[in-house]
Amino acid sequence: MGYSEITFYTSKLRTCPKAFAWMMGNGVLYGQLDYVRPDSLLSDVQVWEYTPDIDLSVNKPISIVLTQFHFLLLLPDRVKAICTLNGQVVYEDVFPDKFGSLKKMIKDPVGGLVWIYTERAVFRYHIQREARDVWQMYMSMNKFDLAKEYCRDRPECMDMVLAKEAEHCFQNKRYLESAKCYALTQNYFEEIALKFIEAKQEEALKEFLLKKLNNLKQSERTQITLLVTWLAELYLNRLGHLESDGNSIIFQETREEFRHFLNTSKHKECLFNNRTTIYDLLASHGNVDDMVYFSVVMQDYERVISHYCQHDNYSAALDVLSKHCDEKLFYKFSPVLMQHIPKQVVDAWIQMGKRLDPKKLIPALMNYSQMGSTQQISETIRYMEFCVYELNVTEEAIHNYLLSLYAKYKPDSLLLYLEQAGTHTSEIHYDLKYALRLCAENGYLQACVQVYKIMELYEEAVDLALQVDVDLAKSCADLPEDDEELRKKLWLKIARHVVQEEKDVKKAMNCLSSCDLLKIEDILPFFPDFVTIDHFKEAICSSLEEYNQHIEELKQEMEEATESAKRIREDIQEMRNKYGVVDSQEKCAACDFPLLNRPFYLFLCGHMFHYDCLFQEVTPHLSTYKQNRLEELQKKLAASTQSSKSRHRPAPKEDGDNSSLGKGNAGTSREHIKSDIDDIIASECVYCGELMIKTIDKPFIDPLKFEEEKSSWL
């Protein structure tokens, strides 16, 4: 033959060849090398026959080179490139005669360059973008995976391949694969959806919608809402058909798939915003179980609990409440649950502890009054006791309600509660007036006594206690410890009751021994006119002895008072005879001027002051009342002095006696005024007395005059 040659293609240097091309007599045999096949090494073998323009007698092929998708055939005057995928000539290069005839063509295995040399020249071919149109060929051959591989970076080409693949799958009734491909294309959504609807392929339509939904962005809310609603309808239709057909396995799988769809976090916002529509769809299909599941996913526990309550599944409703601990739901559903499962409800309340407001649970607790269940009543009391004794709730409504429960259903605990609640009004958390009315209406006298004691209405407490027990009345009578008159009055009430009502003389005598304020003469009027004296003879004798002892004590006190008065008179007489010696050189302790120049005061401590100096020293420290009093006395003294001067003028003879009498009265008045002034300003030494001690925390300089004094030193 003379022109046979075989060549191989390797993607990398020093690797096994992947394809071959064998130039033979009537054409080129080419194909792939498959090292895995056990029967043959060759696969996809094809023969490309020489075109009519190749005259084998004249233009025999000289050489051949194989690339990834083409082989190059060297002829005496030209080079042809043939595609190995479809056998088409894609390139032809004719060489002019000036270069001479072509001799050889060879490919560089390292650089991938193709070299051709002639008699006079060498040519180099550089292959670029060899695979740019390969996707079209693979697509026409229905090899879509290979087509997509070679147009991965070209979105417009990829869309064409996907659309072609989807159409191919649809025609071959591979609807699910077709739906997946259609979802990735840019084809009109409506056309594709109608296509599947007309073919009655709901599963494929569902797959298409799911893929489309996953490809949407979060900002495309309208499209997401449409697809989510449509998919929910498709799932519900499918579940309805499967349930009617009785195919439990597929039904369960589909339900799990639907619930997974409802619980997908990516669509949770859309489902939450359109939950009303989803609820309507679920309700229209009668799918209660999935509606409950969807409510839980949406955290719409109110709907879940309502569903359980409507179907009398109260335990399940309480489980949901306890699991999610929503206070508002507890307040809403507790009245219903309390009617049917009171013990479990109270256990749940106790477990919630302080997170629940007991006052808001009162409507639920009040149902017992209408339903009349003993268990409800006992559980209500149990929770109220938990609030009062464990949670230390101070709400008045809670304590009042517990009081009413005790009064109606558990009277044994009423008195114990009142005693433990406290004995002072500041410690009490219930309404005292309400408690009193409640106890009185139900005839609990001892409880009423306890309330009266707390209200400090001791007379009422004693009066009521006498109807119950004398000892109880005695304990009430001793309560007003600071009011002896009231205590005596209360004990007299007890004594009168014992004598007149019970006619028990011994108990009357016990009253005397129990209260030190009562005497035998206090209770004697209560006895009848004719009574045996033997029972209280000792008390009368004891009382007479106490009187005698008291008289002796009074005599002793009178003697001591007389002796004390005598000593005081002697001290006064002695003080009148006391005197002090003043030297002519003595000076005033305040102004340091000679003392004898003006009227002065001499104190026992030795300090001496002029009258006016002492007046100036003492006046600023006097109280407002004493300052006003001193000013008033000075005015009176000045007025009396003025009147005294006027009396020294000559007077008519016949009025001489009256003038002398008036002069004497004026002198007495002036002396009295001076004495009052002395009591104010000279009651003690200004330097040694209490006045100096009181001024120890006062500054030396008046704060109002501090700046003036400070500037005078600068």
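Guide: Gladly! Let's start with a cut-off: a residue is called exposed when its relative accessible area is over 50%, buried when it is under 20%, and partly exposed in between. Please keep in mind that this is a predicted model.

Visitor: Then why is E481 called exposed?

Guide: E481 has a relative accessibility of 62%. The cut-off for exposed is over 50%, so E481 counts as exposed. E481 sits in the loop between helix 24 (470-477) and helix 25 (484-502).

Visitor: Which residues form the negative surface patch, and what makes it negative?

Guide: The patch is formed by E481, D482, D483, E484 and E485. Asp and Glu count as negative, and these residues are Asp and Glu, so the patch is called negative. Membership also asks for over 30% relative accessible area; E481, at 62%, therefore passes that test.

Visitor: Let's turn to salt bridges. How do you know that R238 and E203 form one?

Guide: The closest N and O atoms of R238 and E203 are 3.3 Å apart. A salt bridge needs a side-chain nitrogen of Lys or Arg within 4 Å of a carboxyl oxygen of Asp or Glu, so this pair qualifies. The pair links distant parts of the chain: R238 belongs to helix 7 (residues 221-245) and E203 to helix 6 (residues 202-215), 35 residues apart.

Visitor: Are R238 and E203 buried or partly exposed?

Guide: R238 has a relative accessible area of 29% and E203 one of 33%.

Visitor: What makes K343 and D347 a salt bridge, and where do they lie?

Guide: Their closest N and O atoms are 3.3 Å apart, and the limit is 4 Å, so the pair counts as a salt bridge. K343 and D347 both lie in helix 15, 4 residues apart, which is about one turn of the helix. K343 is partly exposed at 39%, and D347 is partly exposed at 31%.

Visitor: How do you know that K359 and E395 form a salt bridge?

Guide: For K359 and E395 the closest N and O atoms are 3.6 Å apart. That is within 4 Å, so the name applies. K359 lies in the loop between helix 15 and helix 16 (362-365), and E395 in the loop between helix 18 (374-390) and helix 19 (396-409), so the pair ties together parts that are 36 residues apart in sequence. K359, with 40%, is partly exposed; E395, with 33%, is partly exposed too.

Visitor: How many salt bridges does the structure hold?

Guide: The structure holds 18 salt bridges.

Visitor: Which residues of helix 13 are buried, and what covers them?

Guide: In helix 13 (residues 314-324), the buried residues are Y314, A316, A317, L318, V320 and L321. Their cover includes helix 12 (301-310), helix 14 (327-340) and helix 15 (342-352). After helix 13 comes C325, with a positive phi near 50°.

Visitor: What does the chain look like as a whole?

Guide: The chain has 33 helices and 13 strands. Of its 714 residues, 37% count as buried. The accessible surface comes to about 44000 Å², with 50% of it belonging to carbon and sulfur atoms.

How values were computed. Residues are numbered from 1 along each chain as its sequence is written. This is a predicted model: local features need pLDDT of at least 70, side-chain atom pairs count only at pLDDT 80 or more; totals for chains, interfaces and linings use all residues. Side-chain values use heavy atoms; hydrogens and water are left out. Patches are made of residues with over 30% relative accessible area and no salt bridge: like charges are joined within 9 Å, nonpolar side chains (Val, Leu, Ile, Met, Phe, Trp, Tyr) within 5 Å. Accessible areas come from the Shrake-Rupley method with a 1.4 Å probe; for residues, only the protein chains shown count as cover. The place of a charge is taken as NZ of Lys, CZ of Arg, CG of Asp or CD of Glu. Helices (H or I, at least four residues) and strands (E, at least two) are DSSP runs, numbered from the N terminus. Buried means under 20% relative accessible area, exposed over 50%, partly exposed in between (1.4 Å probe, protein chains only). Contact means heavy atoms within 4.5 Å.
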